[in-house]
Amino acid sequence: MSDYNFAYLDEQTKRMIRRAILKGLAVPGYQVPFASREMPMPYGWGTGGVQVTAATLVPEDSLKVIDQGADDTTNAVSIRKFFERTAGVATTEETTKASVIQTRHRIPEAELSEDQILVYQVPIPEPLRFLEPRETETRKMHSLEEYGLMHVKLYEDISQHGDIATAYAYPVKVEERYVMDPSPIPKFDNPKLEMAAIQLFGAGREQRIYALPPYTRVVSLDFEDYPFEATKADYPCDLCAAEDSYLDEVILDDAGSRMFVCSDTDYCRSRRAEGHVGRLGEEAA
Amino acid sequence: MYVAVKGGERAIDNAHAWLAEERRGDTNVAELSLAQIREQMSLAVNRVMAEGSLYDPDLAALAIKQSRGDLIEAIFLIRAYRTTLPRFGYSAAVDTGAMTCDRRISATFKDAPGGQVLGPTFDYTHRLLDFKLAADGEVPQAPIAEPRMEATPHITEFLQGEDIIEREPASDATPGDLTREPMSFPAGRAVRLQSLARGDEGFILGMAYSTQRGYARNHAFVGELRIGKVPVEMEIPELGFAIEIGEVELTECETVNQFKGSKTVPPQFTRGYGLVFGQSERKSIAMALVDRALRWEELGEDNLGAAAQDEEFVLSHCDNIQATGFLEHIKLPHYVDFQSELELVRKLRREAQELAEQMATQEAAE
């Protein structure tokens, strides 16, 4: 693949994307339009995240790619391979050793540091999209800070279900200005959005980039009497006994018995290496 | 004992190997050459070039071969390749009036300078399976007419002489470039036409058809449909003038549409425009109808709330690479989101059940 430029994109395109990233960092939570390119993987597979990562990478970087929290899901493998080929950067599965982490649908459990960048793949960047399908309207609503519709939606949820019926892609307000879609992470991850690392969000098909600079205030929308609650399955991990990590549910047999395991595979692996053993785990060799 | 799903990498490699084998099919059957696809599947090649936005029949043939004949997949291969190509500049606008026409028909005039030329069309074939083709595809040479030397004028020019059709105001403004700038609305007609020209044939066809059936009807006559080659010229800065760098085959459709007139404009005909790479007749006619429907605002017509009048709706959904990507991505893992929904629904059900039980005990007590 030596015919391609470092990290696939040509330098002009990277410059255009970097400008969008910088603008996004300057106006946290604001969706910056950018001239997204066709990538050699389909829209919906993370082309936005891939373009942001490509524009962010330098040869010294160490890249980690996760999908659903795991390093070895097929699409994470595919994207990691893409950058191994086109950028030749080092890759790692260890959260703490990565300088750039591209993710789909999760924030790693381990706390990130100031020298790390977390890149999100975003399908629908517009938090108001399912309340108002027109981009021309939602852009107006953002510029006027007109978010009443969103509160009405949350209120209607409560009156109908007794709870806010949003479990992932739970909307947040950034620095008391923009309502932002944190990408389809489970709401369990929302409190982690306030972090030391830079967070970049790329939506390729929808041609938008947005960002959260380190330590940006990010508040999940709620009501005083119905406060936001970060929830997860009420079990410890069956492999590493972690009580504080987001769990995947796995069906074990025809009788429908279940086990719960960390969705963050690196977190689970490192805990098992430290000697933690869950209900169905085995002692580390 | 459950082991966290490992081996994604090997699974992918094996899948790719199997895919390659399936693409080749039975090895006792001769392999397709690119030349065969280019020459004998030329309308598929044309569609891939048009919606892939890259005029290169050999690459399109390669993409069709690689994609096992899945044209949207082939279009995607071309788009992904196209975006890596360096951009030297923009060509001069092509002059379709200078086209050497293989086909040129008008539904509005029985005859006009340049004549009606049917060309290689399916129009009057009887759709009977030709079993001879199954055995032997050789054909006798078709009769050859003397080529016309003079240019073929556009039919709409004759209407324009009478001022009975709207004028297309010439403009030197640089049109937007869909592939370099993010789409924003209103997009303007130039970007709209770019988007429709590379839009999915099936989607544009469906939209155009909906206008014919009454959803923002704009009764279109095919004023002219022409197919042929036009030279492409590019200004070379070092030379200071334009030189011909090649030629492309195009299909152009100009529709003549009814218009009642308004307070400021006397009754006159209006236009819809379609221009597509290669021989792509269905697409170019459909494009012209959708273009016309989208022009309701500038022509002072009513918004009837029809889908084909809605620029944001049409342009946001006509690109089949975007559409198929987003549609098909739902087969990727969504364990995490689903898990969060699962827990939410369980919780809501638990609460609903508790409430029902409470009510029941209350009722029993009363």
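**View 1. Gln207(A), tucked into a loop.** With 22 C-beta neighbours inside 10 Å, Gln207(A) counts as buried. Here, buried means that 20 or more other C-beta atoms lie within 10 Å of the residue's own, exposed means 12 or fewer, and partly exposed covers what falls in between, with C-beta atoms placed from the backbone. Gln207(A) sits in the loop between β8 and β9 of chain A, and its phi is near 55 degrees, a positive value in a residue other than glycine. This is a predicted model, in which local features need pLDDT of at least 70, side-chain atom pairs count only at pLDDT 80 or more, and totals for chains, interfaces and linings use all residues. Residues are numbered from 1 along each chain as its sequence is written, while chains are lettered from A and ligands numbered from 1 in the order in which they are written.

**View 2. Ala7(A), ahead of the helix α1(A).** Ala7(A) lies in the segment before α1 of chain A. Its phi is near 60 degrees, again a positive value in a residue other than glycine. Ala7(A) is buried too, with 23 other C-beta atoms within 10 Å.

**View 3. The sheet of chain A.** Seven strands make an open sheet with mixed pairing, in the order β1-β9-β8-β5-β4-β2-β3 (chain A). Strands are DSSP runs of E of at least two residues and helices are runs of H or I of at least four, both numbered from the N terminus; two strands pair if DSSP finds at least two bridges between them. At the edges stand β1 (32–33) and β3 (90–91) of chain A, each with a single partner strand, so one side of each has no neighbour in the sheet. Helix α1 (residues 11–26) of chain A packs on the sheet, touching β1, β8 and β9 (208–212) of chain A, and its direction makes about 45 degrees with that of β9(A). Helix α2 (residues 47–56) of chain A also packs on the sheet, against β4 (100–104), β5, β8 and β9 of chain A, at about 155 degrees to β5(A). These angles run from 0 to 180 degrees between N-to-C directions, with axes fitted to C-alpha atoms, for helices over the stretch in contact.

**View 4. A closer look at β5(A).** Five of the five residues of β5(A) are buried, so this strand is largely enclosed by the rest of the structure. Ile117(A), Val119(A) and Gln121(A) are on one side, Leu118(A) and Tyr120(A) on the other. Five bridges join β5 (residues 117–121) to β8 (residues 198–203) of chain A, and the two run parallel; Ile117(A) stands opposite Ile198(A). Four bridges join β4(A) to β5(A), also parallel, and Thr103(A) has Tyr120(A) as its bridge partner.

**View 5. Where chain B meets chain A.** The contact takes 41 residues from chain B and 49 residues from chain A, two residues being in contact if their C-beta atoms, placed from the backbone, lie within 7 Å. On the chain B side, α13(B) gives the largest share, 12 residues. That side divides into 20 nonpolar, nine polar and 12 charged residues. Nonpolar covers Ala, Val, Leu, Ile, Met, Phe, Trp, Tyr, Cys and Pro; charged covers Asp, Glu, Lys and Arg; the others, Gly among them, are polar.

**View 6. A cis bond in chain B.** The peptide bond from Phe185(B) to Pro186(B) is cis, with omega near 0 degrees. Look for Pro186(B) in the loop between α7 (155–161) and α8 (189–197) of chain B.
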